[in-house]
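Morning, everyone. I have one structure to show you today. Please look at the screen, and we'll walk through it together.

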Amino acid sequence: MTTAVQTAKIAAHGVEKEFPGNKVLEDFDLQIKGGEFLSLLGPSGCGKSTFLNILAGLETYDGGDVLVDGKHVEGVNKDVGVVFQSYALFPWLTAQKNVEAGLKIRGVPRKERRDRAAEVLRTVGLQTAANRLPHQLSGGMRQRVAIARILAYEPDVLLFDEPFAALDAQTREFLQGELLRIWENGTTKKTVLFVTHSIDEAIFLSDRIAVMTRAPGRVKALIDVDLPRPRTSESRNTEDFIHIRSQVARILEEEVRLGTDNH
Ligand SMILES: Nc1ncnc2c1ncn2[C@@H]1O[C@H](COP(=O)(O)OP(=O)(O)OP(=O)(O)O)[C@@H](O)[C@H]1O
């Protein structure tokens with residue numbers, strides 16, 4: 001194992017994963033530094049979610065190494081926060097209680113649960129909606145509750161699996177900005193893996209983008225996103241942004257075309 005693998009916050013080395021009759025990950029290598037925001041892009045079905053689930057301990061793997069803080073991932077890792085596309089909120093609990101539920105599982109005492117939930121709901125701009133049930137919230141608000149729920153227990157590592165994919169374009173851009181604000185203002189920078197299909201979303205948010213091959217997936221290219229922070233909606237119109245977009249699109253298109261040529 002190389003030194004880089006040992007010192008990275010997240011390290012995947014030679015990861016193999018096969019579902020029955022379906023090789024999904026093959027020789028998958030990726031290192032993410034502590035405090036880095038990395039997005040994972042790739043053709044549909046290339047194994048992005050599978051890798052994220054492996055990191056969260058929700059899925060097993062067949063070979064290679066997957067390490068967080070130098071330790072092999074074995075079983076569900078409570079120090080890792082995951083936000084999925086579907087909000088996964090308890091429909092019968094208010095926003096406040098949904099956030100508290102995550103803390104309860106971790107054994108946080110009641111008073112502290114209440115205070116911390118109120119604080120993170122403020123952080124995501126939902127203080128006035130704390131007593132509403134999920135069906136009384138918009139999609140964007142529900143996803144903010146899901147983000148608040150993981151922020152409440154302060155994991156070092158945040159994993160996002162297309163969290164904004166179900167939202168309208170305007171809400172999506174708004175929440176991208178909000179997520180960056182929260183991440184950039186955190187007292188300790190969290191390490192983020194963000195799975196998305198949107199090239200623009202990946203560029204706007206990330207320090208680096210990993211582009212995967214079609215299945216069986218491995219990392220095909222790593223692209224640095226050297227846009228200054230804090231980023232604003234203006235960042236999206238800069239020459240650098242547009243240049244990175246065409247670079248990433250070219251790599252992705254090549255992979256998708258190779259896939260169709262084979263069928
Ligand atoms: N639990 C499972 N059992 C069997 N096959 C699975 C399972 N989970 C995923 N797969 C298959 O593994 C492959 C990779 O799926 P995965 O969801 O990781 O891809 P993805 O890159 O996230 O795709 P998308 O971009 O379309 O969301 C797909 O062919 C999928 O059908």
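This is a predicted model: local features need pLDDT of at least 70, side-chain atom pairs count only at pLDDT 80 or more; totals for chains, interfaces and linings use all residues.

Let me start with a definition.

Now, the ligand. How many residues surround the ligand? There are 13, and the closest are Phe19, Ser44, Lys48, Ser49 and Thr50. Two elements each give two or more residues to that shell: strand E2, at 22-32, and helix H2, at 48-56. H2 makes the largest share, with three residues. What kinds of residue are in the shell? Eight are polar, four are nonpolar and one is charged.

Let's stay with H2. Is this helix mostly covered or mostly open? It is mostly covered, with seven of its nine residues buried. They are Lys48, Thr50, Phe51, Leu52, Ile54, Leu55 and Ala56. Just after the helix comes Gly57, with a positive phi of about 80 degrees.

Keep Leu55 in mind. It takes us to the largest nonpolar core, which has 68 residues. Which members touch the most other members? Leu55, Ala148, Leu159 and Leu193 do. Helix H5, residues 139-152, gives the most to this core, with eight residues. Where does the core lie? It lies between domain 1 and domain 2, because both give residues to it. Look at Ala148 for a moment. Leaving out residues up to four places away in sequence, Ala148 touches Val99, Val120, Leu121, Thr123, Val124 and Leu126.

Next, the domains themselves. Domain 1 comes in pieces: 34-59, 75-79 and 158-263. Domain 2 is 86-154. Their C-alpha centres lie 25 Å apart. The contact between them takes 10 residues from domain 1 and eight from domain 2. On the domain 1 side, helix H6, residues 169-185, gives the most, with four residues. That side has seven nonpolar, one polar and two charged residues.

On to the strands. Find E9, residues 208-212. E9 has a partner in E3, residues 37-41: four bridges join them, and they run parallel. E9 also pairs with E10, residues 219-224, through five bridges, and these two run antiparallel. E9 and E10 form a hairpin, with six residues between them. Follow one residue across. Ile209 in E9 is the bridge partner of Ser39. In E10, the bridge partner of Ile209 is Ile223.

One last stop: Val157, in strand E7, residues 157-161. Why does Val157 count as buried? The cut-off is 20 or more other C-beta atoms within 10 Å. Val157 has 22, so it is buried. What does Val157 touch, apart from residues up to four places away in sequence? The list is Lys9, Ile10, Val68, Asp79, Val80, Lys190 and Thr191. Take Thr191 from that list. It is 34 residues from Val157 in sequence, but their C-alpha atoms are 4.8 Å apart in space.

Definitions and conventions. Residues are numbered from 1 along each chain as its sequence is written. A residue is near a molecule or strand if its C-beta atom, placed from the backbone, lies within 6 Å of it. Ala, Val, Leu, Ile, Met, Phe, Trp, Tyr, Cys and Pro count as nonpolar, Asp, Glu, Lys and Arg as charged, and the others, Gly among them, as polar. Two strands pair if DSSP finds at least two bridges between them. A nonpolar core is a set of buried Ala, Val, Leu, Ile, Met, Phe, Trp, Tyr and Cys residues joined through C-beta atoms within 7 Å. A residue is buried if 20 or more other C-beta atoms lie within 10 Å of its own, exposed if 12 or fewer, and partly exposed in between; C-beta atoms are placed from the backbone. Domain bounds come from an automatic or database domain assignment. Two residues are in contact if their C-beta atoms, placed from the backbone, lie within 7 Å.
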